[in-house]
Amino acid sequence: DLEHFQSVDVNVETQLVTAGGGATARQIQQGAQLHGLAVPLGTAPTVGAGLLLQGGIGHLSRRCGLSLDSVVAARIVVADGSCITASAKENGDIFWALRGYGPNFGVVVSLTMRAFNAYPF
């Protein structure tokens, strides 16, 4: 249960949003919108951040791609209990596998995703 992992941190300079594994789509979008940014998410506001690993078609998909396309890194607890970072540069094989089949490789405790300027659309 990742209910207590609901943090949402926004880096305006890099346009990256890092959300805890228990954050909902609504929480992620609200955090980004406070800074004039948007993250391509699905249309159900109560779905957890895990949707970012399994597609995610929503209102921003045409402009920004699928939700999983915006993921740039994940912190994941793997089978041996260690916590690793998976990104294109670090543990790339796990990063590739997470994007589309995420829940089967460990517990994702946070995701970092690329955000886009919310205005104008």
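Predicted model: local features only at pLDDT ≥ 70, side-chain atom pairs only at ≥ 80, totals over all residues.

The lining of the largest pocket consists of ten nonpolar residues, six polar ones and one charged. Here Ala, Val, Leu, Ile, Met, Phe, Trp, Tyr, Cys and Pro count as nonpolar, Asp, Glu, Lys and Arg as charged, and the others, Gly among them, as polar. A pocket is an open set of points on a 1 Å grid over the protein atoms alone, where a 1.4 Å probe fits, with protein on both sides within 12 Å along at least five of seven lines; lining residues have an atom within 4 Å of a point.

Residues are numbered from 1 along each chain as its sequence is written, and side-chain values use heavy atoms, with hydrogens and water left out.

How much space lies in the largest pocket? The figure is about 240 Å³, a volume being the space filled by probe spheres set on the points, which are joined across faces, edges and corners. Among the 17 lining residues, Q29, Q33, V39, H59 and L60 are the closest to the centre. Helix 1, residues 25–33, gives the most to this lining, namely four residues.

The protein as a whole has three helices and seven strands, in the order β-β-α-β-α-β-β-α-β-β along the sequence. Helices (H or I, at least four residues) and strands (E, at least two) are DSSP runs, numbered from the N terminus.

Finally, the C-alpha trace spans about 45 × 25 × 25 Å along its principal axes.
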